[in-house]
Amino acid sequence: FLLTPVVALVAMISNHAADAGYVVLIPLAAVLFASSGRHPLAGIAAAFAGVSGGFSANISPGQLDALLFGITETAVEGSGISSGWSMNIAGNTYFIIALLFLYLPIIWYVTDRIIEPRLGKWIPDQSKAAEYADEDRPLTAAQRTGLNRAGLACLVVIGFWILMTVGPGTPLLLDGPDHADMAWYERLNPLFRSLVAGFMILFLAAGWAYGAAAGTINNHRDLVGMMTEAMKDMGYYLVLAFAAAHFVAMFNWSNLGLITAVHGADAIKGSGLPLAIVLGLVVLFTSFLNLFVGSASAKWALLAPVLVPMLMLLGVSPEGATAAYRVGDGATNIITPLMVYFPLILIFAQRWQKDFGLGSLTAMMLPYSLWLLVAGVLLMIGWVLLDIDLGPGAPVHFSLPASSAQSSFQ
């Protein structure tokens with residue numbers, strides 16, 4: 001009964017492990033559903049909806065927050081607006097937690113009430129029993145030792161990070177009389193900025209500890225070889241990031257972003273649209289653009305130099321602009337074949353049903369996309385109307401200094 005919500009919950013939280021959710025959790029969900037007598041494609045659908053549709057929903061800030069807010073910070077600095085705003089990686093914390101609790105029952109309902117009844121009863125193919133036999137094989141002694149050592153390695157890294165945060169005079173906490181007037185989340189900024197490096201060290205230590213015990217890593221050359229193989233998949237992103245960095249730099253140099261932002265803000269002001277509706281339209285625009293540009297960071301690098309300063313001039317904080325973008329970016333991930341992992345999910349599905357094609361996968365994920373998009377837009381509008389902080393010290397509304405706002409419009 002609880003299999004679907006557990007899979008959806010773990011899928012959304014798995015984004016802390018970067019793209020591991022796509023590669024590990026989605027095929028594992030199919031196996032779990034099949035072993036419990038349910039249709040494995042329903043498991044793939046629930047996990048895919050959680051990992052990709054709920055891309056920004058989580059229980060705490062992670063590396064995605066560091067990535068997106070880094071781009072937001074660059075957009076604010078490049079706008080030329082003297083705003084006094086400083087980047088806080090926890091600026092969307094309350095919002096992404098709300099997304100998690102909003103998306104979880106939606107994915108649960110759509111899977112159990114819409115998708116699985118359409119798929120029908122799962123009838124296993126007995127001829128493939130031997131092919132999947134390894135999945136039910138018990139762990140070996142070496143694998144159990146590896147898991148124990150990996151767990152200990154995780155605890156050591158986490159303990160070390162906690163020590164560097166809570167100890168007096170430690171580098172990840174702004175301590176001392178000079179920082180006594182700061183809010184607690186501002187004093188933790190060094191910790192938030194270290195999360196990307198922390199996750200890298202955490203997974204490196206756990207992987208090395210497991211591989212050394214299980215016999216898959218015999219020396220440092222094996223470790224370097226595995227890391228090199230994994231980085232091959234990052235090649236397309238590095239090329240994209242290289243081009244995007246030049247685009248953003250030239251865009252800022254030309255001041256086109258600020259010019260477009262001012263004219264756009266002026267036009268929206270003239271239209272009389274409420275801020276809640278404006279942010280709802282930003283969500284819809286982002287979701288439409290996401291059908292053609294799958295990368296979250298590349299898309300935000302293109303949009304942020306215009307959207308962030310434009311919304312700041314309208315009274316929306318950079319955190320609010322980032323939150324609206326995140327809702328639209330996730331909802332349509334699961335229905336566009338241009339998303340980089342879409343062919344991989346199709347391969348996972350064809351393992352269980354050979355005639356399952358591209359159109360079948362899109363049709364299966366369409367109800368999730370529509371429900372998540374509608375729920376996300378309503379949440380964004382409601383959040384603005386209720387004027388709830390998006391994170392610690394991160395209000396939705398934002399007030400520019402009078403001199404800065406006047407000079408920007410001039």
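Does Trp 352 count as buried or exposed, and at what relative accessibility? The legends below take up this residue and its surroundings.

**Figure 1. Overview of the predicted chain.** This is a predicted model, in which local features need pLDDT of at least 70, side-chain atom pairs count only at pLDDT 80 or more, and totals for chains, interfaces and linings use all residues. Residues are numbered from 1 along each chain as its sequence is written, and side-chain values use heavy atoms, with hydrogens and water left out. The secondary structure comes to 18 helices and zero strands (DSSP runs numbered from the N terminus, H or I of at least four residues for helices, E of at least two for strands). Of the 410 residues in the chain, 48% are buried (under 20% relative accessible area; exposed is over 50% and partly exposed in between, with a 1.4 Å probe and protein chains only). Among contacts (heavy atoms within 4.5 Å) between residues at least 6 apart in sequence, 78% join residues at least 24 apart.

**Figure 2. Packing of α2 on α16.** Helix α2 (residues 20-35) and helix α16 (residues 342-350) pack at an angle of about 25°, with their axes 11 Å apart. Axes are lines fitted to C-alpha atoms over the stretch in contact, and angles run from 0 to 180 degrees between N-to-C directions. The two helices are therefore roughly parallel to each other (angles under 35 degrees; over 145 is roughly antiparallel, 65 to 115 roughly perpendicular and the rest oblique). On the α2 side the contact is made by Tyr 22, Val 23, Ile 26 and Pro 27, and on the α16 side by Leu 344, Ile 345 and Phe 348. By class, this contact has seven nonpolar, no polar and no charged residues (Ala, Val, Leu, Ile, Met, Phe, Trp, Tyr, Cys and Pro are nonpolar, Asp, Glu, Lys and Arg charged, and the others, Gly among them, polar).

**Figure 3. The buried side of α16.** Phe 342, Ile 345, Leu 346, Phe 348 and Ala 349 of α16 are buried. They cover an arc of only 160° around the axis, which puts them on the same side of α16; the arc is that of the directions from the helix axis to the C-beta atoms. The buried residues of α16 pack against α2, α3 (40-53) and α17 (358-386).

**Figure 4. Trp 352 in its loop.** Trp 352 lies in the loop between α16 and α17. This residue counts as buried because its relative accessibility is 13%. Trp 352 and Pro 40 are 312 residues apart in sequence, yet 7.2 Å apart in space, C-alpha to C-alpha.
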